[in-house]
Amino acid sequence: MAGGAETKAPSPNVNGKAEILKGNFEPTAIKVEPLTPVVPENGVEKPSEKSRNIVLGRNVHSTCLTITEPEVNDEVTGDKEAQMAGVLARYRKNLMERTKYHLGYPYNLDFDYGALAQLQHFSINNLGDPFIESNYGVHSRQFEVGVLDWFARLWEIEKDEYWGYITNCGTEGNLHGILVGREVFPDGILYASRESHYSVFKAARMYRMECVKVDTLVSGEIDCSDLRPKLLANKDKPAILNVNIGTTVKGAVDDLDVVIQTLEECGFSHDRFYIHCDGALFGLMMPFVKRAPKVSFKKPIGSVSVSGHKFVGCPMPCGVQITRMEHINVLSSNVEYLASRDATIMGSRNGHAPLFLWYTLNRKGYKGFQKDVQKCLRNAHYLKDRLHEAGISAMLNELSSTVVFERPRDEEFVRRWQLACEGNIAHVVVMPNVTIEKLDFFLNELVEKRSTWYQGNVQPPCIAAEIGKANCVCALHK
Ligand SMILES: Cc1ncc(COP(=O)(O)O)c(C=O)c1O
């Protein structure tokens, strides 16, 4: 599943020796059957071809747009210009079509950034620290800090007490948050629920941290009754916790207050733990959901991250990471070449992303996001209810707009609707651009297809283990 919890993927062997990929891989478009091997005419495979036995994802090489050299002395001819314009026009049409049929990933595709088109002619780069101007003058720090202040207010931390930056994505936020935790507690152990995003486990591998996986409840939420003995078994070492404000697959929200209480009850004083909140999607939705546990720096947390291209609807991947100022000094160094401070993961940083974020936050404001959140939750309930009415197993966590249901049997259908799947389940993430009409269109197609998939002895799968008996309407549980 896109960005899903850590999954075991085949690890290709290179010349039968080194493993390139250990454990995880971006499983966005996993297709299980291997690609047809390319065997040369003489029938003998060269070693390099053997090592390219890629089994994950679809083969982009079969559809890639080759770059050809300009024909006349580096000049692009009118013919080539026209040809390239044609390619781009077809691509645009394809994007429109794929946008129309998208339901599986948590991206808000509803936006209008026409006002920012005038800025695309500039190479805007915020390299270095957002708060310390570098010598490169074509930057957008004034917008970046405005956005950071907005999030600091949302998560209740004073301007002079926080540090943060606009990242390339939610993953970078996780990499940064966990790095800050590791720098604060170099011998700390990382605890994360099994349903945490794979970037959390990637961070553990990159930083060579000891990582303890904690079990989850059927909802996908961290199981604190499993966290407790694991903390007690490692009481001599500080704890670094990843808390999920919305898991990737089931949209489950870990109860931050219960996690903190568990730490305290296990004898971890506030100076012996660090909590990073991974709020990739729900970090921006939760503050507007009644009854939701509050993410706030008034609680003993160290950092919060969110993706900017998810709920906010930025057209390019980006994210926001906020931590406490007191922590950042342990991680940063001055760089003369930049004339700025280096406390970010990346070097060059997208200076356009802050403009898009600033623009949306200004236009929508807290009220606009609140309306969007309410609409998403309402529409998600509608989808879940209609699935149940149609006799399809489905689950929706209380604080979430991620509807989990049985994996459609036909991969073509999965691809058409760009559904994210994991094992026997799939999900639809109801974002602000997902209307009731779109959901009806999808549901009608699904119901029609199911009537052809499930005939005679062929039964829909039982997914009680994944979503609980109460939500499963398979032959055994209905
Ligand atoms: C819970 C969670 N954390 C982190 C990420 C990574 O975010 P990004 O895709 O912005 O890197 C995702 C992505 O789906 C996610 O669901």
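Mentor: Helix H3 crosses helix H9 in a left-handed sense. Keep in mind throughout that this is a predicted model.

Trainee: Why is H9 called roughly parallel to helix H11?
Mentor: H9 and H11 (residues 436-453) pack at an angle of about 20°, with their axes 10 Å apart. The cut-off for roughly parallel is under 35 degrees, so H9 is roughly parallel to H11. This crossing of H9 past H11 is right-handed. Asn379, Tyr382, Leu383 and Arg386 of H9 meet Ile436, Leu439 and Leu443 of H11.

Trainee: What makes Ile166 a buried residue?
Mentor: A residue is buried if 20 or more other C-beta atoms lie within 10 Å of its own. Ile166 has 31 such neighbours, so it counts as buried. Ile166 belongs to strand E3 (residues 162-167). Setting aside neighbours within four places in sequence, the contacts of Ile166 include Glu144, Val147, Pro354 and Leu357. Glu144 and Val147 of H3, and Pro354 and Leu357 of H9, also take part in the contact between those two helices.

Trainee: How do you know that the buried residues of helix H7 lie on the same side?
Mentor: In H7 (residues 256-265), the buried residues are Leu256, Val259 and Leu263. They cover an arc of only 65° around the axis, so they share a side of H7. The face of H7 turned away from the buried side carries exposed Asp257, Gln261 and Glu265.

Trainee: What do the buried residues of H7 pack against?
Mentor: They pack against helix H6 (224-232), strand E6 (239-244) and strand E7 (273-278).

Trainee: Why are the buried residues of H6 placed on the same side?
Mentor: Those residues are Cys224, Leu227 and Leu231. Their arc around the axis is only 45°, which puts them on the same side of H6. Ser225, Pro229 and Leu232 are exposed on the other side. Among the elements covering the buried residues of H6 are strand E4 (189-193), strand E5 (211-214), E6 and H7.

Trainee: What makes the phi of Arg291 worth a remark?
Mentor: Most residues other than glycine have a negative phi. Arg291 has a positive phi of about 75° although it is not a glycine. Arg291 sits in the loop between E7 and strand E8 (303-307).

Trainee: Why is Gln418 called partly exposed instead?
Mentor: Its count is 18 C-beta neighbours inside 10 Å. Partly exposed lies between the limit of 12 or fewer for exposed and 20 or more for buried, so Gln418 counts as partly exposed. Gln418 is also a residue with a positive phi, about 50°, although it is not a glycine. Its loop runs between helix H10 (411-416) and strand E14 (420-422).

Trainee: What makes Lys310 buried?
Mentor: Lys310 has 27 other C-beta atoms within 10 Å. The cut-off is 20 or more, so Lys310 is buried. It is found in the loop between E8 and strand E9 (319-324). Beyond neighbours within four places in sequence, Lys310 is in contact with Pro106, Tyr107, Asn108, Ala280 and Leu281. The unreviewed UniProt entry annotates Lys310 as "modified residue: N6-(pyridoxal phosphate)lysine".

Definitions and conventions: Residues are numbered from 1 along each chain as its sequence is written. This is a predicted model: local features need pLDDT of at least 70, side-chain atom pairs count only at pLDDT 80 or more; totals for chains, interfaces and linings use all residues. Helices (H or I, at least four residues) and strands (E, at least two) are DSSP runs, numbered from the N terminus. The arc is that of the directions from the helix axis to the C-beta atoms. Two residues are in contact if their C-beta atoms, placed from the backbone, lie within 7 Å. UniProt positions are given in the numbering used here, feature names are shortened, and annotations may be inferred rather than shown by experiment. A crossing is left-handed if the near helix is turned anticlockwise from the far one by less than a right angle, and right-handed if clockwise. Axes are lines fitted to C-alpha atoms, for helices over the stretch in contact, and angles run from 0 to 180 degrees between N-to-C directions. Angles under 35 degrees count as roughly parallel, over 145 as roughly antiparallel, 65 to 115 as roughly perpendicular and the rest as oblique.
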